[in-house]
Amino acid sequence: MPTKNFTYAAAALTLAGVPAGLALTGGNVDAVFTGPLAASLALAMLFSHRWPRSVLAFCLVSVFAFRSAGLIDYSAIWPATAAFVAVVLSGRMRSAVAIGAFSVVYWANWDVTAGSHSMNWMFAHLGAETLVLATSLAGAAAYRSQSRWRIEVAHRITQDERQREIDARRRRAEERVEIARDLHDVVSHTLAVVGVHLNVAMDSFEADPEEARASLKLAQEVRNRAMVDLKALVGVLREGEVPALESLEQLVDQVRTAGMTVSLNEFGDPVEVPAPVATAVYRVVQESLTNTVRHAGATRAVVTLRYSPTRVVVDVQDDGKAAEKVVDGHGIAGMRERVAALGGALTAGPDKSGFVVRASIPVGS
């Protein structure tokens, strides 16, 4: 469906293009005649995002009325080019082709009969308009296909990510069950062994101090070994390996399948990044690239990550177009809330070369 931005641009191009086109084709350039036609077609284009076929019909009828009344010359189809493009962008390619073909046949007959022009004149003038129409329809169809492909890729990325989250949660749940069993075994074994040595120490404390001392020493050694095992298990529970950061390259590869050039640059060592911060970094990059694929119309994006002992800085920049005033949707609001919960800050807005999302998240001690 044509966007409001398209309707504004199409209206402006029609308003300026109709008089210019008439002048280039040798038609009537009197503002008294060309002005009302250009204004009426431009005004109609403002409604093309809602009623594209009705607008096309109005434009063609307007051109017919002006030409049949002798107010303009040598123009039959091309003044309605923007309306044809709007119909294609709305997903009605067959309607645009059918109406275009009918218009070509109709005006070919008109030029030869009512217009009293020769066949050579008709082919020269109408052939050029037909070529313009065919090129416009093909370009609009290609643009719509690319846009739909980008939306599909973005949707697929979101679905794949959700599935990976579900799988990851299931694996983490299974791992935690195994770790809980290990914790139980370590704690119960340690308490049993330490209890035996403490009983031995108590029984021989007065009769054999050396044996009591040896039993206490053994209990201490068992306790130290158990502490090492417990720290290792707790470390796994805390997810210190930051798997989210290791998945960034895979995420970037998925976005590249949409035909966008994406580069990933990392500076510093991510080893010490806690799991909550790593997850937030991954989500910021994922949401930013998804928005770029869906809405920005960008062809290139650069993801830059800077790791330091105190914070992680995320920078996602693309060369797409954005509104001057950025409204927080669910994506940007969600990123901002996630980053703020960790004590960081996130900004998003237009940049001199496109759109940029920047987040700074403290690592903590």
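Thr81 is buried, with a relative accessible area of 16%, where buried means under 20% relative accessible area, exposed means over 50%, and partly exposed is what falls in between, with a 1.4 Å probe and protein chains only. Please keep in mind that this is a predicted model, in which local features need pLDDT of at least 70 and side-chain atom pairs count only at pLDDT 80 or more, while totals for chains, interfaces and linings use all residues. Residues are numbered from 1 along each chain as its sequence is written, and side-chain values use heavy atoms, with hydrogens and water left out.

Thr81 belongs to helix 4, residues 81-89; helices here are DSSP runs of H or I with at least four residues, strands are runs of E with at least two, and both are numbered from the N terminus. Helix 4 is mostly covered, since nine of its nine residues are buried, among them Phe84, Val85 and Leu89. Once neighbours within four places in sequence are set aside, Thr81 is in contact, meaning heavy atoms within 4.5 Å, with Val132 and Ser136. Just after helix 4, Gly91 adopts a positive phi of about 95°.

The C-alpha atoms of Thr347 and Asp315 are separated by 9.8 Å, with the two residues 32 apart along the chain.
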